[in-house]
Amino acid sequence: MLLARDEALSNQSSKELKNVEEDGGRSFWNRDYLKRFHKMASRLERFKKVNLQILIRVPQDENAKVLDMCCGSGRNTQLVFDKMNLENGNGRMWAVDFSPQALMLANQLLGNPERILFKDEDVRQMCFADNVFNYVFDIWGSTHIPNQEWKTAIKEAFRVLKPGGYVYFLYWLQGSNFGKCFRSQINVVYPKSQELLEAIKNSGGNVLDAEKAFSNMCLLVWSKKPD
Ligand SMILES: C[S@@+](CC[C@H](N)C(=O)[O-])C[C@H]1O[C@@H](n2cnc3c(N)ncnc32)[C@H](O)[C@@H]1O
């Protein structure tokens, strides 16, 4: 069932796609895929269940500086913003993606919010200084970077995170059915759990907890940069 939906989502002619080596999959994501993904993810119970699994670990911290990497249509941006209660403090959220179409959609869906800054960034090399964010979220984001370059994005997540800050990762795992159709188009290979956990440790992060999600197809990792 999921596979059929997945196929419907990825009916992109390969002619339209640029060379993945050149653009890291940007041309793939910069199209109406995200609108359809947003609709599907907002409707299906399985996606809602994962959201709850993430949010249960997110504290209220209204003065925090928060980064949402690969924000897509802003689904998680909004949920995290609300849970942290950023509206009622001095906190701020930066939501980044390298698809201008995703950023436009997110800004529109979230109603051009004052305290959320949408920014065109490639998460393999972001413009932010070191040690600036209290929290970083990478929810089904850098897991989609081709050619094992998701490891570079994980390093970036910990670079921009303050000592004592937290990173939340949600990654599709090797062997999962999801994205079978589009993954070959953009040369994405999902990692094994162990590879992901090692990449986090090699980037200077401590894994606080990790649990399977989405019928064991994903790994949710809650990690910390040492003080
Ligand atoms: C499946 S969507 C997930 C979006 C969102 N986090 C969610 O859960 O709804 C993956 C997103 O990652 C973005 N992305 C992929 N590679 C990226 C990169 N190198 N830099 C920035 N964004 C990237 C895509 O543009 C897309 O919006």
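Predicted model: local features only at pLDDT ≥ 70, side-chain atom pairs only at ≥ 80, totals over all residues.
Residue numbers start from 1 along each chain as its sequence is written.

The protein chain contains 10 helices and 7 strands; helices (H or I, at least four residues) and strands (E, at least two) are DSSP runs, numbered from the N terminus. The C-alpha atoms of the chain occupy a box of roughly 45 × 40 × 35 Å along the principal axes. Of the 227 residues, 39% count as buried. A residue is buried if 20 or more other C-beta atoms lie within 10 Å of its own, exposed if 12 or fewer, and partly exposed in between, with C-beta atoms placed from the backbone. Among contacts in the protein chain with a separation of 6 or more, 69% link residues 24 or more positions apart. Two residues are in contact if their C-beta atoms, placed from the backbone, lie within 7 Å.

Strand β1 (residues 65-69) is mostly covered, with 5 of its 5 residues buried. In a regular strand the side chains alternate between the two faces of the sheet. In β1, Lys65, Leu67 and Met69 are buried on one side, and Val66 and Asp68 are buried on the other. Strand β1 runs parallel to β2 (residues 92-97), to which 5 bridges join it. A further 4 bridges join β1 to β4 (residues 133-139), also in parallel. Strands are taken to pair if DSSP finds at least two bridges between them. Met69 takes part in both pairings: its bridge partner in β2 is Val96, and in β4 it stands opposite Asp138. Together, β1, α6 and β2 make a right-handed β-α-β unit. The crossover is right-handed if, with the strands pointing away from the viewer, the path from the first strand over the helix to the second runs clockwise.

Helix α8 (residues 150-160) is largely enclosed by the rest of the structure, because 8 of its 11 residues are buried. These buried residues are Trp150, Lys151, Ala153, Ile154, Glu156, Ala157, Phe158 and Val160. Their cover includes strands β1, β4 and β5 (161-172), as well as helix α10 (193-202).

The shell around the ligand comprises 24 residues, of which Trp29, Cys70, Gly72, Phe98 and Ser99 come nearest. A residue is near a molecule or strand if its C-beta atom, placed from the backbone, lies within 6 Å of it. Helices α4 (33-43) and α6 (75-84) each supply at least two residues of this shell, and the largest share, 3 residues, comes from α4. By type, the shell divides into 12 nonpolar, 8 polar and 4 charged residues. Here Ala, Val, Leu, Ile, Met, Phe, Trp, Tyr, Cys and Pro count as nonpolar, Asp, Glu, Lys and Arg as charged, and the others, Gly among them, as polar.

Two residues were examined in the loop between α5 (45-55) and β1, one of them Asn63 and the other Arg57. Asn63 is partly exposed, with 13 other C-beta atoms within 10 Å. Not counting residues up to four places away in sequence, Asn63 touches Gly89, Asn90 and Gly91. The C-alpha atoms of Asn63 and Arg92 are 7.3 Å apart, although the two residues are 29 apart in sequence. Arg57 is also partly exposed, with 14 other C-beta atoms within 10 Å. Arg57 and Tyr168 are 111 residues apart in sequence and 9.2 Å apart in space, C-alpha to C-alpha.

With 15 other C-beta atoms within 10 Å, Asn147 is partly exposed. Phe214 counts as buried, with 20 C-beta neighbours inside 10 Å.
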